[in-house]
Amino acid sequence: MNYGNIKKNDIADGPGVRVSLFVSGCRHHCKGCFNAETWDFGFGQPFTDETVDEILEALKPDYIQGFTALGGEPFEPENQPVVTALMKKIREHYPDKDIWCYTGYLYDADLIPGGRVFTDVTQEMLSYIDVLVDGEFIEAEKDISLQFRGSRNQRIIHLRL
């Protein structure tokens, strides 16, 4: 897996100050996407063990509330194993920090058994996520007044209470 960027003090992609990973690769190609360069699975740089260490180190400070995975598309089948392993390590090292994930896929259609991108690690990946923001960005439904979403069709789903 490649990634485009790591933001170590992100305040836009979930509550509080966060560490955010922008993975590469996305098949949605939403019109008006804010991060279209990450559609290419080869964009950015390879995700390595050093990248994991960098993210874990960035999560250390008490003022960091949590981690966000977005992209690109974390739930592309090619990305799921790497993102799942990363989320597992984050849970092990920082059980009190929250994990958010953005996906253009629909939780109750695409991420269920038999769904378009359901793999052998999808359920495990979902088990680590506190909040999932799902649904493709739809430019005609863009609403800048929405918190943590770009368009009205997108949902904020609390997976862990």
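Why is strand E2 (residues 17-23) largely enclosed by the rest of the structure?

1. Burial of E2. The strand is largely enclosed because 6 of its 7 residues are buried, where buried means under 20% relative accessible area, exposed over 50% and partly exposed in between (1.4 Å probe, protein chains only). Strands (E, at least two residues) and helices (H or I, at least four) are DSSP runs numbered from the N terminus.

2. Basis. This is a predicted model, in which local features need pLDDT of at least 70 and side-chain atom pairs pLDDT 80 or more, while totals for chains, interfaces and linings use all residues. Residues are numbered from 1 along each chain as its sequence is written, and side-chain values use heavy atoms, without hydrogens and water.

3. Strand pairing. Two strands pair if DSSP finds at least two bridges between them. E1 (residues 2-10) runs antiparallel to E2, with 5 bridges, and Tyr-3 stands opposite Val-23. Their hairpin has 6 residues between the strands, and Gly-14 there takes a positive phi near 135°. On E4 (residues 64-71), E2 pairs in the parallel sense over 7 bridges, with Leu-21 opposite Ala-69.

4. Helix contact. Val-52, Ile-55 and Leu-56 of H1 meet Leu-86, Lys-89, Ile-90 and His-93 of H2, contact being heavy atoms within 4.5 Å.

5. Cysteines. With a disulfide defined as a pair of cysteine sulfur atoms within 2.5 Å, the count is 0. For Cys-26, the nearest cysteine sulfur is that of Cys-30, 6.1 Å away; Cys-26 is buried at 8% relative accessibility. Cys-33 has the sulfur of Cys-30 as its nearest, at 6.3 Å, and is partly exposed at 25%.
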